[in-house]
Amino acid sequence: MNTFKSIFEQYNWDIIQSKIYQTTSKDVERTLAKTKLNLDDFLILISPIAQNYLEEMAQKCHEITKKRFGKTIQMYAPLYLSNECQNICTYCGFSLDNKIKRKTLSDAEIKLEVEALKKTGFDHVLLVTGEANYTVNINYFLNAIALIREEFSIISVEVQPLSTEDYERLHNAGVYSVLVYQETYHQEVYKKYHTKGKKSNFDYRLETPDRIGTAGIHKIGLGVLLGLEDWRTDSFFNALHLDYLQKKYWQTKYSVSFPRLRPAEGIIEPNFIMDDKDLTQLICAYRLWNEDLEISISTRENEKFRNNIIPIGVTSMSAGSRTNPGGYVVDPQSLEQFEISDERSAEEISKIIKNAGYEPVWKDWDKSFGLNSNLKSTI
């Protein structure tokens with residue numbers, strides 16, 4: 001089976017980076033005058049010179065998002081099931097070489113965490129684990145899904161890369177979307193950050209979205225860990241990946257997330273700094289390039305940024321998040337994967353969204369319908 005790897009190998013990191021940084025004002029103006037953009041246009045919109053046009057980009061972004069998605073923000077919450085991990089990743093609090101207490105939730109503990117989340121109104125849960133194939137594996141995932149399936153309309157997962165067969169099992173169990181981040185598309189740098197474990201296999205991770213698409217999962221979420229490498233070049237390759245997937249698995253929906261490297265136990269400092277203006281530019285570039293792409297912002301980002309980004313291009317937000325297993329009620333002191341920045345409750349975030357003139361959507365999809373009910377028709 002042909003995979004994204006065959007496309008990826010046709011591009012050179014240094015050449016792409018050079019093109020981005022050689023972009024001119026005329027290139028940006030020509031791109032902003034177009035009604036339909038391609039990957040070359042996306043490259044132009046993430047260039048340094050394009051920041052001079054950020055206000056115009058943001059205004060266009062607002063109109064496109066309102067037309068395509070309406071004035072709605074989907075709400076979701078992560079549920080961390082385990083911090084066990086067999087990988088050594090220099091940026092992650094769950095890394096195998098961190099001497100921390102490991103915890104994997106039992107059935108009873110999962111139910112307690114779910115009960116706490118349901119009380120806050122969530123109907124979309126994102127199940128997250130470390131990558132420990134011997135303990136936190138497909139059987140564990142299927143058991144957890146069976147325990148919570150009746151409690152949530154939408155179940156998403158962010159776990160270790162799996163086989164096509166295992167993704168098919170997740171799909172049949174009721175999983176709506178799978179998130180998988182390449183972390184960085186710079187192959188040589190990738191090796192420096194991932195020194196041990198299955199995650200050190202760059203190609204296997206690169207081809208994971210192909211396996212998800214083949215399995216028929218409804219939505220695939222991509223992203224890079226912003227701070228490991230030059231965010232502009234990494235984001236071009238992430239867009240290249242999305243472009244390939246949308247053409248090959250055209251019945252699947254897609255989302256992009258923007259995790260910036262956050263403090264955590266034993267991690268390195270960011271190699272590249274990305275400020276709020278940079279992130280706003282990147283969000284605008286994605287929206288102008290791809291009107292159908294769902295854009296998600298997590299509680300990694302600070303309160304001010306999350307408040308201001310609502311009317312620009314975001315379609316989903318987490319709230320009241322805990323990034324440690326049992327963090328809601330079972331074991332609030334267990335090690336978190338990273339520090340969150342926005343600690344406001346789901347109720348507070350809901351009010352902020354309403355005050356901005358938007359509607360917080362707690363349930364936007366149901367398997368009995370097979371579609372997103374909050375999305376405006378483009379017909």
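In the predicted model, Leu45 has a relative accessibility of 0% and therefore counts as buried. This residue belongs to helix α4, which covers residues 39–45. Once the neighbours within four places in sequence are set aside, the contacts of Leu45 are with Thr31, Leu32, Leu37, Ala50, Met57, Gln281, Ala285 and Leu288. Ser341, by comparison, lies 296 residues from Leu45 in sequence, and the two C-alpha atoms are 27 Å apart in space.

The protein as a whole contains 15 helices and 13 strands. Its radius of gyration is 20 Å, close to the 21 Å that the globule rule gives for 379 residues, so the protein is as compact as a globular protein of that length. The C-alpha trace spans about 60 × 45 × 40 Å when it is described along its principal axes. Of the 379 residues, 60% count as buried, and among the contacts between residues at least 6 apart in sequence, 75% join residues at least 24 apart.

The average pLDDT of the protein is 90, and 91% of the residues score at least 70. Over residues 369–379, however, the pLDDT is below 50, although this stretch has 24 contacts in the model beyond near neighbours in sequence. Where pLDDT is low, the predicted coordinates should not be read in detail.

Helix α7, which comprises residues 138–148, has as its buried residues Ile138, Tyr140, Phe141, Leu142, Ala144, Ile145 and Ile148. The elements that cover these buried residues include the strands β1 (72–82), β3 (124–129) and β4 (154–158), together with the helices α6 (107–119) and α8 (164–173).

Leaving out residues up to four places away in sequence, Leu179 touches Leu126, Ser156, Val157, Glu158, Val159 and Gly221. Between Leu179 and His194 there are 19 Å in space, C-alpha to C-alpha, for a separation of 15 residues in sequence. Glu183 is found in the loop between β5 (177–179) and α9 (187–193), and its relative accessibility of 8% means that Glu183, too, counts as buried. The backbone of Glu183 has a positive phi of about 75°, although this residue is not a glycine.

With a relative accessibility of 1%, Phe237 counts as buried. Apart from neighbours within four places in sequence, the residues in contact with Phe237 are Phe4, Phe8, Tyr11, Asn12, Trp13, Ile16 and Tyr185. The C-alpha atom of Phe237 is separated by 18 Å from that of Asn201, a residue 36 residues away along the chain.

Technical notes
Residues numbered from 1 in each chain as written. Predicted model: local features only at pLDDT ≥ 70, side-chain atom pairs only at ≥ 80, totals over all residues. Heavy atoms only, no water. Helix = DSSP H or I, 4+ residues; strand = E, 2+ residues; numbered from the N terminus. Rg over C-alpha atoms; globule rule 2.2 N^0.38 Å. Buried < 20%, exposed > 50% of the residue type's maximum accessible area, 1.4 Å probe, protein only. Contact = heavy atoms within 4.5 Å. pLDDT = per-residue confidence, 0-100.
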